[in-house]
Amino acid sequence: MTLLMRDQENVKKGEEMLAKLIILLSEDGRLSDVIKVSQDKEYRQELYEEYHII
């Protein structure tokens, strides 16, 4: 595996995690948090833990 391939896999995994988080937040009616996680990396990490994504 090349470094480029590894980086591409990591980007894809991050995108999938964010998509899952957005779906879960939407289902819970937390639409304002959807915007916040798109802009705030630390808050996004908190919610990944809260929703057991990581």
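Q: Which residues make up the largest nonpolar core?
A: This is a predicted model in which local features need pLDDT of at least 70 and side-chain atom pairs count only at pLDDT 80 or more, while totals for chains, interfaces and linings use all residues. Residues are numbered from 1 along each chain as its sequence is written, and side-chain values use heavy atoms, with hydrogens and water left out. A nonpolar core is a set of buried Ala, Val, Leu, Ile, Met, Phe, Trp, Tyr and Cys residues joined through side-chain atoms within 4.5 Å, where buried means under 20% relative accessible area, exposed over 50% and partly exposed in between, with a 1.4 Å probe and protein chains only. The largest such core has 10 residues in all, namely Met17, Leu21, Leu25, Val34, Val37, Tyr43, Leu47, Tyr48, Tyr51 and Ile53.

Q: Which elements give two or more residues to the largest nonpolar core?
A: Helices (H or I, at least four residues) and strands (E, at least two) are DSSP runs, numbered from the N terminus, and the protein chain has 3 helices and 0 strands. Those that give two or more residues to this core are α1, α2 and α3.

Q: Which residues of α1 are buried?
A: Helix α1 covers residues 3-27 and reaches 36 Å from its first C-alpha to its last, close to the 36 Å expected at 1.5 Å a residue, the expected span being 1.5 Å times one less than the number of residues. An α-helix has 3.6 residues a turn, so residues three or four places apart point the same way. The cover over the buried residues of α1 includes α2 (31-39) and α3 (41-50), and the residues in question are Met17, Leu21 and Leu25.

Q: With which residues is Ile53 in contact, leaving aside its neighbours within four places in sequence?
A: Ile53 belongs to the largest nonpolar core, and contact means heavy atoms within 4.5 Å. With those neighbours set aside, the contacts of Ile53 are Met17, Lys20, Leu21, Leu24 and Tyr48.

Q: Is His52 buried or exposed?
A: His52 is found in the segment after α3, and its phi is near 55 degrees, a positive value in a residue other than glycine. Most residues other than glycine have a negative phi. Because its relative accessibility is 67%, His52 counts as exposed.

Q: What percentage of the residues in the protein chain is buried?
A: The C-alpha trace of the protein chain spans about 40 × 20 × 15 Å along its principal axes. Of the 54 residues in the protein chain, the buried ones make up 22%.
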